[in-house]
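Please open the model in the viewer and keep the selection panel at hand.

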Amino acid sequence: MAFSAATANFNPLNTPSLRSHDNHLVTSVSPSPFFGSTAKLRLSSSPKFNVHRRSGSVVAVSEAVKEKKPKSTPNLLITKEEGLELYEDMVLGRAFEDMCAQMYYRGKMFGFVHLYNGQEAVSTGFIKLLKQQDSVVSTYRDHVHALSKGVPARAVMSELFGKTTGCCRGQGGSMHMFSREHNLLGGFAFIGEGIPVATGAAFTSKYKREVLKEVDCDHVTLAFFGDGTCNNGQFYECLNMAALWKLPIVFVVENNLWAIGMSHLRSTSDPQIYKKGPAFGMPGVHVDGMDVLKVREVAKEAISRARRGEGPTLVECETYRFRGHSLADPDELRDPAEKSRYTARDPITALKKYIIESNLASEAELKAIDKKIDEVVEDAVEFADESPVPPRSQLLENVFADPKGFGIGPDGRYRCEDPKFTQGTAHV
Amino acid sequence: MAAIFQGVGAAATLSSSPSNSFDSNNSFLSPPRSFSVGKGASFSVIRSGGILNLNSKGRRAQQLISNAVATKADSAAVSSSSKPGHELLLFEALQEGLEEEMDRDLRVCVMGEDVGHYGGSYKVTKGLAKKFGDLRVLDTPIAENSFTGMGIGAAMTGLRPVVEGMNMGFLLLAFNQISNNCGMLHYTSGGQFTIPIVIRGPGGVGRQLGAEHSQRLESYFQSIPGIQMVACSTPYNAKGLMKAAIRSENPVILFEHVLLYNLKERIPDEDYICNLEEAEMVRPGEHVTILTYSRMRYHVMQAAKTLVNKGYDPEVIDIRSLKPFDLYTIGNSVKKTHRVLIVEECMRTGGIGASLTAAITENFNDYLDAPIMCLSSQDVPTPYAGTLEEVTVVQPAQIVTAVEQLCR
């Protein structure tokens, strides 16, 4: 059993509003069986904890999954390579975000920058299971999703600096990371806006298989979004459509309890988001999002479900962001006690501990990875610093895929043929 | 029916076009005047709205305008020697265009409410679900924002969806997706993803449909960067624009009008498209330029009948491309007549007419002999009562008065 140390802490929250949810949380639910397994998700916390819990049932997911796996002798969930890959990815995410904060305060990037510190387990746990052709759709908190999907740190950092070598040529910015090569479909500023796009990507996958007869097309799409989004219409509309047409998509809720300053419990009538899945006919699973191995186990099953054509899954990852909502957020509303409880469950520390205790790798090897990542991040900053800013001529280049869309000018020629256009000085 | 003659002055603009169908997917350096000239594309009768079939009493002897609608035929095409074409209604033309594109490219698919089994609330997709299957003609739940977004996601990943808004007004619910993702995503992704989507649906003021079903969304969408907007008005241009929109790599919003679906016309048998960025010369003239689109074209043509009887010679242009404007056709006309009247169905405030007025003033101010007049619908929610509804939109009598005023 992995991670018992890190995960048995099922710490109560001191939010007063929770009291009204007392009974509700205790008498939890046997949610609809996860993909046919008869294992019920059980409460794992000991009775001495009072009812102030985030959610009633948790975490026995690894048990549910394990029941399906034939037990081989070592009780390890990952191999050494996998462990090191996961570790490296999470450290990259963390180091990169920390560097972003530094660069922001030094005036190298501007605007709204949303950092992912603390949530690395979700990104790594899910995205490292994907193939290159699988798609990921994210929100404005997308740097680490981009990195996990394979977008080079250099490209992401340049994009943040607004340089032309950025993954979106400097035109997107922090909240709009896209990569065609790595099938990262964005980066969206409005919450909920990416979920239909993800649904569309999943639709294409199904269409390719059934209409275009590409029989081995089994591309899966992951849609990442937060707890605040789960009160938004687009979320529900897409749950419905995805379940209706059995689209190969996994809806991943990164429930970090806070939507800027709005606590999830203050804004949601039923805070247990995973329960909303069965209402639409798909399994809803809750998992400890601070534990990368647990996330990975759930992700494996959800993604293979989608690949097999069995339809979507709703996965709620209980996680936490160590920093404010964005670099402009003073983060005064959150209780320091709550923060420290979650900091104690830092996913990177937990994985490190697991790797060392299971003798998968030595401390030295992990330190080597730390060092390597520091170099990668330094190099990314250097590259971004040295990259050129977009020239004026870039202004009008990507407005239309077909620049005839700018129309016909008074002289009878298409406006895009006007040399001022290529210089970027024409007015549109 | 009609043998058609063009006014001498107007011949220049049309006959300069090569007679091949223009494929908008080719390089953008192809000549802008390449109209979609099909052989035998002579217009005959347009059953609703005005038809001119008269001997002009125009002031200049050269003008023998026996048909209000200018021909698309150039010197090579004359009715007798070419294929006769076939007659159909506007919604059938849309369907034909859609079906031909779906046959031609497997990636083209349709999504919308009741497009599949029901055949579309205005029958534009009738029979398509039977032919192409439920996945290619997808009946969606009532969730405009989400299925439009789904269409956008599908477009980004390789398909070419046609999203139908059952009524254009419903697309207000999809504004988030249309503005942010449809229009801007190509740019914010640095050109990595294209959105070759077509969003279409019927809009405009119908027969007592009530305020919410009578909306003109072109004015709301026109500021969105990155999209193109076209409005069809005849079966010929409906089919042509539908096909061009589907083939275009840009996101295109195709505005249809609820009252025009039953217009009948004879269109060519062969493949043709209508250029998305060009305007259509409806009736060449000398005295005043009347710019219009969609249903108002027919009110204008009806007014034109009266005007011609009174001795005026209006030049009528159906602008067709609402965004961007075809400043060449419009400019040439302004330079000729020096007077402009815009007739539109949009609201007065912030409508297409307002933008067009600004564009003409900016570019052709020196050529104007009089201030531009713009006739639009009143800034009033369309009332249900027939008498009131009639008064909110522009009627032919107002157009006649406006021209008389302009030409004083």
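Begin by selecting chain B, whose accessible surface (Shrake-Rupley method, 1.4 Å probe) is about 13900 Å², with 53% of it belonging to carbon and sulfur atoms. The model is predicted: local features need pLDDT of at least 70 and side-chain atom pairs pLDDT 80 or more, while totals for chains, interfaces and linings use all residues. Residues are numbered from 1 along each chain as its sequence is written, chains are lettered from A in the order in which they are written, and side-chain values use heavy atoms, without hydrogens and water.

Of its 408 residues, 65% are buried, that is, under 20% relative accessible area with a 1.4 Å probe, protein chains only.

Next, select residues 347–357 (α14) and 363–386 (α15) of chain A. The axes of these helices come within 10 Å and cross at roughly 145 degrees; axes are lines fitted to C-alpha atoms over the stretch in contact, and angles run from 0 to 180 degrees between N-to-C directions. On α14(A), A:Lys352, A:Ile355 and A:Ile356 meet A:Glu363, A:Leu366, A:Lys367 and A:Asp370 of α15(A), contact meaning heavy atoms within 4.5 Å.

Finally, select A:Phe126, A:Met157, A:Phe203, A:Phe251, B:Phe221 and B:Ile360. Within the largest nonpolar core, of 151 residues, these touch the most other members; such a core is a set of buried Ala, Val, Leu, Ile, Met, Phe, Trp, Tyr and Cys residues joined through side-chain atoms within 4.5 Å. Helix α4 of chain A (residues 80–105) gives the most to this core, 13 residues.

Methods
Buried < 20%, exposed > 50% of the residue type's maximum accessible area, 1.4 Å probe, protein only. Helix = DSSP H or I, 4+ residues; strand = E, 2+ residues; numbered from the N terminus.
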